[in-house]
Amino acid sequence: MVADTPSRKTLSIKPGGSRDADPDRQRTGSRAHRIARATVRTRDEGDEQRAGERRPYPPREGNDERRRGPRPEGEGRPFERRPHAPRENRERYADSRGIDERPPRAPRGEAAERPYAGRGPRTSSAETYPVFAPCPQGLEQALADELTALGFENVSAGRAGCRFTANWTGMMRANLQSRLATRILVQVAQGPVSTEDDILALAHATPWERWFGAEQTLRVDTSAVRSPMHSLQYCNLRAKDGICDRLRDREGARPSIDTVRPDARVHLFLDETTATLYLDTSGESLFKRGWRYDKGEAPLRENLAAGLLALSGWHGDTALIDPFCGSGTILIEAAYIALRVPPGVSRPFAFERLRDHDDYLWRSLKDEARTAILPRLEIPLLGSDLDPRAIDAAQQNAERARLTPDAISFEIRDARDIRPPEGAPGWIVTNPPYGERLSADETGLWADWSQTLKAHFDGWHVDVITTDRDLPRHLRLNAQRRTPLYNGALECRLFDFEIVGGSYRQKL
Ligand SMILES: C[S@@+](CC[C@H](N)C(=O)[O-])C[C@H]1O[C@@H](n2cnc3c(N)ncnc32)[C@H](O)[C@@H]1O
């Protein structure tokens with residue numbers, strides 16, 4: 001599996017070192033190809049055969065745009081298909097508290113008249129793939145629960161990610177709907193490897209022409225856990241060579257390498273004995289939802305923020321406060337959860353640039369997901385921070401996330417001075433300053449904050465992510481749960497407290 005952990009070894013291929021520059025180069029891989037025929041398990045042996053019969057690959061209609069370089073900003077996005085409305089116009093749409101969304105545009109032109117069922121992609125809907133979805137370490141079970149709730153099958157939590165099975169439409173849905181996954185990697189080949197030449201053979205035996213060709217640019221990344229291979233860089237090169245040789249053999253041309261904005265991304269994962277090749281269908285990491293404007297000070301990744309909310313037990317139907325809100329990540333994710341906004345609805349994905357992308361189907365999936373968005377927020381979402389620049393960044397981020405100005409209430413306030421809104425007790429989910437850079441303990445912050453919680457937040461749940469394992473002692477609260485988690489490379493704990501009337505309940 002591809003581990004999304006700080007410890008894994010990862011690299012991506014650099015264009016400078018590529019031997020693709022020499023198209024006439026002769027490869028000496030006959031032994032490797034023999035091994036491949038004997039041992040490689042690709043997705044579909046029959047397809048291999050058919051792929052050979054239909055070479056060279058027929059030119060496809062309507063795909064020229066893929067060769068024209070970067071897309072204009074905002075292309076292929078849903079809310080964003082219209083330019084961001086200027087502030088004065090936005091108010092017109094902000095007639096209910098929630099998402100600032102005009103009705104989705106209906107499919108137009110040829111695609112609108114053509115039922116997608118009849119326009120089968122090369123990846124048929126009956127074909128299912130093993131999929132690996134990496135996630136921040138510590139969120140595996142929460143991700144498994146999410147994928148199961150989304151209706152995926154054969155879901156199992158592993159190390160730093162989950163496995164499941166999906167057809168091509170399911171892959172699109174996972175990209176669109178998963179709040180916790182970092183990527184959606186479709187497994188296209190797996191086989192035993194003992195030398196770098198075996199990697200070449202595995203890559204060469206995989207029917208890449210189903211998904212991309214020389215008209216697309218390519219990037220290959222390699223990661224490994226306990227692999228005996230000497231050089232991951234060489235393994236990466238062998239995988240890339242196998243892919244490019246295959247496409248040259250079948251279609252007469254090799255894709256160029258682009259490490260910055262590739263059309264097709266392939267991940268090679270190596271363990272002690274096996275190589276697995278994945279097609280990365282996400283492109284940019286899924287935590288990049290497309291709304292972050294200001295990075296703020298130590299912002300959480302969006303999928304980790306969503307994971308904290310999932311682990312805290314908050315379900316979007318009670319009040320939520322983040323008193324150290326920084327750039328607003330937790331609250332913006334919370335608003336999306338409460339309003340049922342699909343997290344991927346405002347960003348492009350790598351699968352949109354693959355061969356035979358069914359844009360009509362993709363638009364239909366997004367339109368269907370949009371119909372589930374609730375018109376208004378019924379619960380208070382409150383964010384505060386001592387730093388006025390953080391509040392400014394949070395407000396800008398919320399606006400870019402197309403939330404109406406009243407969806408989240410942000411204010412400049414010391415966490416020691418917060419008060420609960422009227423109504424039933426809710427949740428505080430927060431990411432206070434920690435580490436040397438954000439040292440806070442010296443200020444007596446925790447003792448004071450604890451007094452505030454005990455005095456005013458009877459019955460509230462408080463969930464705090466921190467690197468400081470002594471936080472419960474500083475707060476003089478006993479944690480009901482402490483969940484190990486990684487925030488990037490930082491090993492953290494999510495402490496879960498329950499505040500009980502002016503004091504706290506000793507539960508441990
Ligand atoms: C780790 S950052 C939070 C990052 C946030 N989760 C995000 O995604 O952007 C901690 C925040 O706590 C704020 N802070 C520090 N001391 C504070 C205090 N006494 N009261 C309120 N906010 C405080 C800092 O200004 C900083 O924005």
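Which residues come nearest to the ligand? In this predicted model, the ligand has 21 residues around it, and Ser327, Thr329, Asp385, Ala415 and Asn431 come nearest. Several polar side chains point to particular ligand atoms. In serine 327, a polar side-chain atom lies 2.6 Å from an oxygen atom of the ligand. Asparagine 431 places a polar side-chain atom 2.9 Å from a ligand nitrogen atom. For aspartate 414, an N or O atom of the side chain is 3.4 Å from a nitrogen atom of the ligand. On its own the ligand has 610 Å² of accessible area, and the protein covers 93% of that area.

The core draws on both domains: at least three of its residues come from domain 1 (9–65 + 113–280), and at least three come from domain 2 (302–504).

Helix 11 can be checked by its length. This helix covers residues 359–371, which is 13 residues, and at 1.5 Å a residue it should span 18 Å.

Another aspartate, at position 263, sits in the loop between helix 8 (232–251) and strand 8 (264–270). Is aspartate 263 buried or exposed? Its relative accessibility is 7%, and because buried means under 20%, aspartate 263 counts as buried. Its side chain has two partners to follow in the model. One is the backbone nitrogen of threonine 217, which the side chain of aspartate 263 reaches at 2.8 Å. The other is arginine 353, whose side chain is joined to that of aspartate 263 by a polar contact of 3.0 Å.

Asparagine 154 is not a glycine, yet it has a positive phi of about 55°. Asparagine 154 is found in strand 4, which runs over residues 153–158. With a relative accessible area of 57%, asparagine 154 is exposed, because exposed means over 50%. Alanine 160 also has a positive phi, near 60°, in a residue other than glycine. Alanine 160 lies in the loop between strand 4 and strand 5 (161–166). At 0% relative accessibility, alanine 160 counts as buried.

A last stop is alanine 319, in the loop between helix 9 (302–312) and strand 10 (320–322). Alanine 319 is buried, with a relative accessible area of 6%. In sequence, alanine 319 and tryptophan 460 are 141 residues apart, while in space their C-alpha atoms are 9.6 Å apart.

How values were computed. Residues numbered from 1 in each chain as written. Predicted model: local features only at pLDDT ≥ 70, side-chain atom pairs only at ≥ 80, totals over all residues. Heavy atoms only, no water. Helix = DSSP H or I, 4+ residues; strand = E, 2+ residues; numbered from the N terminus. Expected span 1.5 Å × (residues − 1). Domains from an automatic or database assignment. Near = heavy atom within 4 Å. Polar contact = N/O pair within 3.5 Å; in protein donor to acceptor, adjacent residues only side chain to side chain. Areas by Shrake-Rupley, 256 points an atom, 1.4 Å probe, with all protein chains shown as cover. Buried < 20%, exposed > 50% of the residue type's maximum accessible area, 1.4 Å probe, protein only.
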